[in-house]
Amino acid sequence: MEFTKVEPAYTSKDGCRLIWEGKNDDESDTVILNKKELKSLVEILKKDIAGRVHLEDMTSSILVNSDVTQFTLQDHRQLEADTFELQKKVLEFVKIPHEPKYVYVSSKEFYPSVWVRKEKKQTGKKFSPKRTPQKPSLLQTILSSKPEKKDKSVNTDVFKIFATRRSTRKFDKAKIESWKIDKILAAADTAPTAGNFQGLKIFYIKNKTTKEALVEAANKQPYVNAPLVLVFCMDPSRVNLKFPQDILDKFSLQDATLAAAYAQIAAAGLGLSSIWIGMLDEKKVQTILGTDLRPSSILCIGYPDKKKPPKSRRKLKELIEVIE
Ligand SMILES: Cc1cc2nc3c(=O)[nH]c(=O)nc-3n(C[C@H](O)[C@H](O)[C@H](O)COP(=O)(O)O)c2cc1C
């Protein structure tokens, strides 16, 4: 179902009805906002910011995130609206002229989300509500976004990152900036996957108790309780290829592993360090996360307590056997 229009509310003067419609005529849904609720929503949409509107029943709320707005309503199924569409239609309804701001990246509450509208060259033309701005992908926007302030720890030379990366088991307590977390997650999403089916899932652990439980599930390795903890799981059910199950399982293991490796490299490029955890009790991790998906690794990320030089490796010619 798609959010389609805003109409006057019959029951509440100065409120409105938000209407969703499905493909079939008989499929529709409506959310009624009273004057105060509509006003709070307008305040958020007018400012192009993320925010939450608490509805008067005290349990329902509207969470305006930068790309999607979620309606969590009492005795009602969850509804979603494209924030851009909602903003356009609600502001038109209340007759507030609005120039949409385009690419805008801010820290997110739940998952990376940004205003993914392309900055259009100023043509002098006024914004017309009928014209839908082009959307670059969320991923591209996060990857290409730059922090407001220059960060000297950031390194974009991939070979320099390879040459200097070193695992850490002692993290500084410093919080990781949310834009860095966004970039790490986005980098993981750019990893190749078998058939591009993305046979993996990443659990981003924010909860302190869950992190502590993961320490226990990872052979009591204390550094698993790190500022940023990502659990990479295999999801072979996504790999829609006609191969035997063991191949699909292997593909999903490789998908999850590669994504973790991309995240690890991205973290290093952002001035962070990490430790890859392969020693884990799969069943315990599954129970902690409440998932049937098998975990392949946990990536623990943070600022290193101390910067150390990279570890040595065997000689390249021992690693590589050339077949001529
Ligand atoms: C598959 C795999 C499993 C690993 N499992 C653990 C682990 O359970 N605990 C740990 O402390 N380090 C673990 N590590 C980290 C390695 O010990 C570390 O990467 C290695 O010593 C090389 O150091 P470097 O990353 O600084 O180059 C693992 C690394 C990989 C690739």
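Mentor: Start with contact: two residues are in contact if their C-beta atoms, placed from the backbone, lie within 7 Å. Helices (H or I, at least four residues) are DSSP runs, numbered from the N terminus. This is a predicted model, in which local features need pLDDT of at least 70 and side-chain atom pairs count only at pLDDT 80 or more, while totals for chains, interfaces and linings use all residues. Residues are numbered from 1 along each chain as its sequence is written.

Trainee: Which residues of α6 and α8 meet?

Mentor: From α6 come Thr210, Ala213, Leu214 and Ala217, and they meet Lys284, Val285 and Ile288 of α8. That contact has 5 nonpolar, 1 polar and 1 charged residues (nonpolar: Ala, Val, Leu, Ile, Met, Phe, Trp, Tyr, Cys and Pro; charged: Asp, Glu, Lys and Arg; polar: the others, Gly among them).

Trainee: At what angle do α6 and α8 pack?

Mentor: Two packed helices are described by the angle between their axes and the distance between the axes. Helix α6 (residues 208–217) packs on helix α8 (residues 282–289) at about 170°, with the axes 9 Å apart; axes are lines fitted to C-alpha atoms over the stretch in contact, and angles run from 0 to 180 degrees between N-to-C directions. The two helices are therefore roughly antiparallel, a term for angles over 145 degrees. The crossing of α6 over α8 is right-handed, that is, the near helix is turned clockwise from the far one by less than a right angle.

Trainee: What about α5 and α7?

Mentor: Helix α5 (residues 178–189) and helix α7 (residues 245–269) have axes 7 Å apart, at an angle of about 145°. Lys183, Ile184, Ala187 and Ala188 of α5 make the contact with Ala259, Tyr262, Ala263, Ala266 and Ala267 of α7. By class, 8 of these are nonpolar, none polar and 1 charged.

Trainee: Which residues surround the ligand?

Mentor: The shell holds Arg166, Ser167, Arg169, Gln221, Ile275, Trp276, Ile277, Gly278, Met279 and Lys311, each with its C-beta atom, placed from the backbone, within 6 Å of the ligand. It comprises 4 nonpolar, 3 polar and 3 charged residues.

Trainee: Where is pLDDT below 50?

Mentor: pLDDT is the predictor's confidence in each residue, from 0 to 100. The protein chain averages 88, and 88% of the residues score at least 70. Residues 109–114 are below 50, though the model gives this stretch 19 contacts beyond near neighbours in sequence. Residues 118–122 also stay under 50, with 10 contacts beyond four places in sequence. Where pLDDT is low, the predicted coordinates should not be read in detail.

How values were computed
Parallel < 35°, antiparallel > 145°, perpendicular 65-115°, else oblique.
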